[in-house]
Amino acid sequence: MLEQLSERMQKVAKFLRGEVKITERNMAEALKMIRMAFLEADVNYKVVKEFEARIKKKALNEEVMQSLTPSQHVIKIVRDELTEMLGKEMRRPAFSSSPPSIWMLVGLQGSGKTTSCGKLAKWVRNQGKKPLLVSFDIKRPAAQDQLKMISETLGLPFYELSSTQMAAPERALKGVLDQAISGKYDALIVDTAGRLHVDEELMDELKMARDMLDPAEVIYVGDAMTGQDAVKSAQQFEEKIGLTSIILTKLDGDARGGAALSIVSVTGKPVKFIGVGEKFDMLEIFHPDRMASRILGMGDVLSLIEKAERETDMKEAEELAKKLQSNEFSLEDFRKQLNQLKRMGSMSQFLSMLPSGGAFKNLSKVEVDDKRILYSEAIISSMTRREREDPKIIDGSRRRRIARGSGRPVSEVNQLLKQFFEMRKMMKKSQFKKLLSSFPSLR
């Protein structure tokens, strides 16, 4: 989503690095480039103006201007101010001192609120805690069907409210609280009513639910694809019912992304989670400093490492490394690696977390087709076990059978086998074995 902004901000950094000394003149040019980049990304005008003023004040400081590396100082200032704009520091959701912690999600219809409830409940379970899901919508009792289906898909507990219970909403909410306490749940995640626009009836319903539940978190779910409309509606929810934090959904989309940069400054509330995909594990804790680094082309290697640690089976990885060391790597092992890579998300997401300079400077030009992983997996899956263990036996007729079974042309089967044999050849080289022996688990 922030790719266009990132490209423009990297041009600003490149321009500054080309200047021997920071002056009012070249700083004015850099600030103009920053201003245009942010406005084109649909960032709130007032936020841009304040951001620009802060950078100008700090960048034209005597100490910075007389420094041996003034451009680096200014880039650091831009990064620090961008981090400040995005919320300064990572904030985790608030857990109550005595369970259950009640998290009430609010937002407009279509923002991804119900799906976010499921993602959040899964995140809670991954923390070793016990979540309970409930849907509360007085006007549309059937609205809970979607959340019920999500909870069943994830194998998570769901408290269903009947139409009779909904007719007495305060008593229904008391029943929900009693269930959460008696069931010893750590978190009660409440999905609330959504409308296409903010109206008084909706706000009255949400106020009543907030007063009854006394939630530790009132989380606004905003669709980052809607740009400044998400910021405006967040302001309205904050003014009328009070918010504690924000979840931004659809950050994997292709909109300009201004909402992500404006919403913290305008509402004064931190973004705690971001939705980066449709799958239920595509909810991430928001790190303002890491997002700022990514926008400036410095990458987000820490998030990449954390993602790899979450998705990688370490025991399987160690076994694979040992096979690589003893030249026993087979197509079956290759298929397992493709599966792990697939679990980490798209390749374009993977590459976006790497720095855009140094050894990685040309990666942004690489055209990535995520379907290639699926095709390779389909080809290997169409082989017999013996063929995967010993691919040398795969002759012409076998290749044609594998192509038919995978639905891919014979040329792709040939290409995959060629790449595999070349990879095995490389593994026999002394430099590769030396690299493997550097891993502590293989010594």
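Select M9, V12, A13, L16, I75, V78 and L296: these residues line the largest cavity. A cavity here is a set of points, on a 1 Å grid over the protein atoms alone, where a 1.4 Å probe fits but cannot get out, and lining residues have an atom within 4 Å of a point. Rolling a probe the size of a water molecule over the atoms shows where empty space is left. About 40 Å³ of space lies in this largest cavity, and the count comes to 1 cavity of 30 Å³ or more. Grid points are joined across faces, edges and corners, and the volume is the space filled by probe spheres set on the points.

Before you go on, bear in mind that this is a predicted model: local features need pLDDT of at least 70, side-chain atom pairs count only at pLDDT 80 or more, and totals for chains, interfaces and linings use all residues. Residues are numbered from 1 along each chain as its sequence is written, and side-chain values use heavy atoms, with hydrogens and water left out.

Now colour α1 (3-17) and α5 (70-85), the elements that give two or more residues to that lining. Helices are DSSP runs of H or I with at least four residues, strands are runs of E with at least two, and both are numbered from the N terminus. The top contributor is α1, with 4 residues. Colour the lining by type and you get 7 nonpolar, no polar and no charged residues (Ala, Val, Leu, Ile, Met, Phe, Trp, Tyr, Cys and Pro count as nonpolar, Asp, Glu, Lys and Arg as charged, and the others, Gly among them, as polar).

Next stop, the sheet. Show the 8 strands, which form an open, mixed sheet in the order β3-β2-β4-β1-β5-β6-β7-β8; two strands pair if DSSP finds at least two bridges between them. At the edges stand β3 (158-159) and β8 (283-285), each with a single partner strand, so one side of each has no neighbour in the sheet.

Zoom in on β4 (residues 187-192), which runs parallel to β1 (residues 101-106) and is joined to that strand by 5 bridges. Another 6 bridges join β2 to β4, again parallel. Pick V190: opposite stand M104 and V134. Then show the β4 side chains: A187, I189 and D191 point one way, L188, V190 and T192 the other, and all are buried (under 20% relative accessible area, with a 1.4 Å probe and protein chains only). With 6 of its 6 residues buried, β4 is therefore largely enclosed by the rest of the structure.

Key. Buried means under 20% relative accessible area, exposed over 50%, partly exposed in between (1.4 Å probe, protein chains only). On a 1 Å grid over the protein atoms alone, a cavity is a set of points where a 1.4 Å probe fits but cannot get out, and a pocket is an open set with protein on both sides within 12 Å along at least five of seven lines; lining residues have an atom within 4 Å of a point.
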